[in-house]
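The sequence and structure are shown first.

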Amino acid sequence: MLAEALLFAVTRLISPRSRPSAVRDAIGLRARASRRHAAWGDHEARTRAAIDRAIDGVAVRRTAVVLGSGLLRDVPIARLSSMFNKVVLVDIVHLPTVRLKVFLRRYPNVTFLTRDISGYDRLAEQSRIKLATGQEDLGVRLDPLGFLRKIDEVDLVISANVLSQIAVGAAARLREKDGNARIMPDDAVTQLVAGHLDGLAQLPCKTVIVTDVAYVRRRRDGVIVENRDLLCGVTPPFPFDTWDWPVAPFGEEAVDEERIHRVIAAEDVAVDL
């Protein structure tokens, strides 16, 4: 607990604009990933393999962008650094431990960009304008990935196990006191999930996405006690690979229950919204 408290304090010090809840989530993910190293190993390896496949499909390798870079456990950072001129890691929080890892392994072409890629604040802004003007359709896209147009020579964009977290994070913010829930549309979370996929589809470069799309909570006797769509009704892109990820094995959240997520990997995202 002391180590996690210290990590929280240091992260807040170097990233003062990051929401405290996002920092706590990142630290919690680090702790669970460490506890469940063996259970998560196959998922992390298959995510790296999906990204490796995308790298192989890029002829010109100038800049690669990783959306939701997280702990870098599921990102082949060494190969990305060696094969691209520049690698940009994008996440809402970059823990000091991750920054130190990149520094110590001497990846001089890897940079960090701290950014909320969910589009939540933009959707709230659009909602305020609609309320103020009485307009139902502002005629503009949510465009949560529009910032990528400001990064030069992007040849590969990787969405790494972040899409479902956009949905989870948005739902949590809607429950917060200052989450603007009263002005947000009823389908806010669905819009944000769709906006991420739409943003990938609009990019003029190679794209690859790895995301969990649903989960089941199951008892030891095999009885399913919960089945949840993590994309809130949005149809995911057609995958080239799928697998199960034991996010919470028996004993993690409940002694006699496990939570298993279904994961997909897809390239060249194209959606019909």
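Is Arg 62 buried, partly exposed or exposed? Arg 62 is partly exposed, its relative accessible area being 30%. The model under discussion is predicted, and the accessibilities and distances below are computed from it.

**Asp 155 and Arg 62**

Arg 62 has a salt-bridge partner in Asp 155, with the closest N and O atoms 2.9 Å apart. Asp 155 is buried, at 11% relative accessibility, while Arg 62 is partly exposed at 30%.

**Glu 253 and its partners**

A total of 26 salt bridges is found in the structure. One of them joins Glu 253 to Arg 32, where the closest N and O atoms lie 3.4 Å apart. This pair links distant parts of the chain: Glu 253 sits in the loop between β7 (241-248) and β8 (257-267), and Arg 32 in helix α2 (residues 20-35), 221 residues away. The side chains of Arg 32 and Glu 253 are also joined by a polar contact of 3.4 Å.

Glu 253 takes part in a further salt bridge with Arg 259, at 2.3 Å from N to O. Glu 253 is partly exposed, with 36% relative accessibility, whereas Arg 32 is buried at 18% and Arg 259 is buried at 12%.

| Asp 155 | Arg 62 | 2.9 Å |

**The network around Arg 32**

Which residues are linked with Arg 32 in a network of salt bridges? The network comprises Arg 32, Arg 35, Arg 36, Arg 217, Glu 226, Glu 252, Glu 253 and Arg 259.

Arg 32 itself is placed in helix α2. When residues up to four places away in sequence are not counted, Arg 32 touches Trp 40, Val 247, Ala 248, Glu 252, Glu 253 and Arg 259. With a relative accessibility of 18%, Arg 32 counts as buried, because the cut-off for that class is under 20%.

Technical notes. Residues numbered from 1 in each chain as written. Predicted model: local features only at pLDDT ≥ 70, side-chain atom pairs only at ≥ 80, totals over all residues. Heavy atoms only, no water. Salt bridge = Lys/Arg side-chain N within 4 Å of Asp/Glu carboxyl O. Helix = DSSP H or I, 4+ residues; strand = E, 2+ residues; numbered from the N terminus. Buried < 20%, exposed > 50% of the residue type's maximum accessible area, 1.4 Å probe, protein only. Polar contact = N/O pair within 3.5 Å; in protein donor to acceptor, adjacent residues only side chain to side chain. Contact = heavy atoms within 4.5 Å.
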